[in-house]
Amino acid sequence: MCRLLRLKLMVNLLSDDRGVTAIEYGLIAALIAVAAIAAFSLVGTNLSSTFYTVATDL
């Protein structure tokens with residue numbers, strides 16, 4: 001009887017998909033954050049070199 005109960009519990013745990021949506025949203029948010037950090041660092045580098053060029057031309 002105990003073995004059947006354990007098997008039923010294992011099947012229930014494996015078929016439970018309630019947290020899947022939260023994990024997907026978390027992965028999407030992480031991907032957006034990585035893309036934003038890369039874009040901001042690229043823009044910051046270009047902006048810094050532009051300010052340096054303007055400062056040296058003055």
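**Figure 1. Overall dimensions of the protein chain.** A compact globule of 58 residues would have a radius of gyration near 10 Å, whereas the protein chain reaches 26 Å. The model shown here is predicted. Along the principal axes, the C-alpha atoms occupy a box of roughly 85 × 15 × 5 Å. The secondary structure consists of two helices and zero strands.

Figure 2. What share of the 58 residues is buried? Buried residues account for 0% of them. The accessible surface amounts to about 5,700 Å², and carbon and sulfur atoms contribute 73% of this area.

Figure 3. Four residues, L9, M10, L13 and L14, make up a nonpolar patch on the surface. Together they have about 460 Å² of accessible area. One of these residues, L13, belongs to helix α1, which covers residues 2–15. Is L13 buried or exposed? L13 counts as exposed because its relative accessibility is 55%, and the cut-off for this class is over 50%.

**Figure 4. F40 in helix α2.** How far apart are the C-alpha atoms of F40 and V11? The separation is 46 Å, for two residues that stand 29 residues apart along the chain.

**Figure 5. V54 in helix α2.** Helix α2 also contains V54. Why is V54 described as partly exposed? The relative accessible area of V54 is 44%, so the residue is partly exposed; this class lies between the limits of under 20% for buried and over 50% for exposed. From C-alpha to C-alpha, V54 and G26 are 42 Å apart in space, and in sequence they are 28 residues apart.

**Figure 6. D57 in helix α2.** Helix α2 comprises residues 20–57, and D57 is found within it. With a relative accessible area of 64%, D57 is exposed. The view also takes in E24, which is 33 residues away from D57 along the chain. Between the C-alpha atoms of D57 and E24 there is a separation of 50 Å.

Conventions
Residues numbered from 1 in each chain as written. Predicted model: local features only at pLDDT ≥ 70, side-chain atom pairs only at ≥ 80, totals over all residues. Heavy atoms only, no water. Patch = residues over 30% accessible without salt bridge, like charges linked within 9 Å, V, L, I, M, F, W, Y side chains within 5 Å. Areas by Shrake-Rupley, 256 points an atom, 1.4 Å probe, with all protein chains shown as cover. Salt bridge = Lys/Arg side-chain N within 4 Å of Asp/Glu carboxyl O. Helix = DSSP H or I, 4+ residues; strand = E, 2+ residues; numbered from the N terminus. Buried < 20%, exposed > 50% of the residue type's maximum accessible area, 1.4 Å probe, protein only. Rg over C-alpha atoms; globule rule 2.2 N^0.38 Å.
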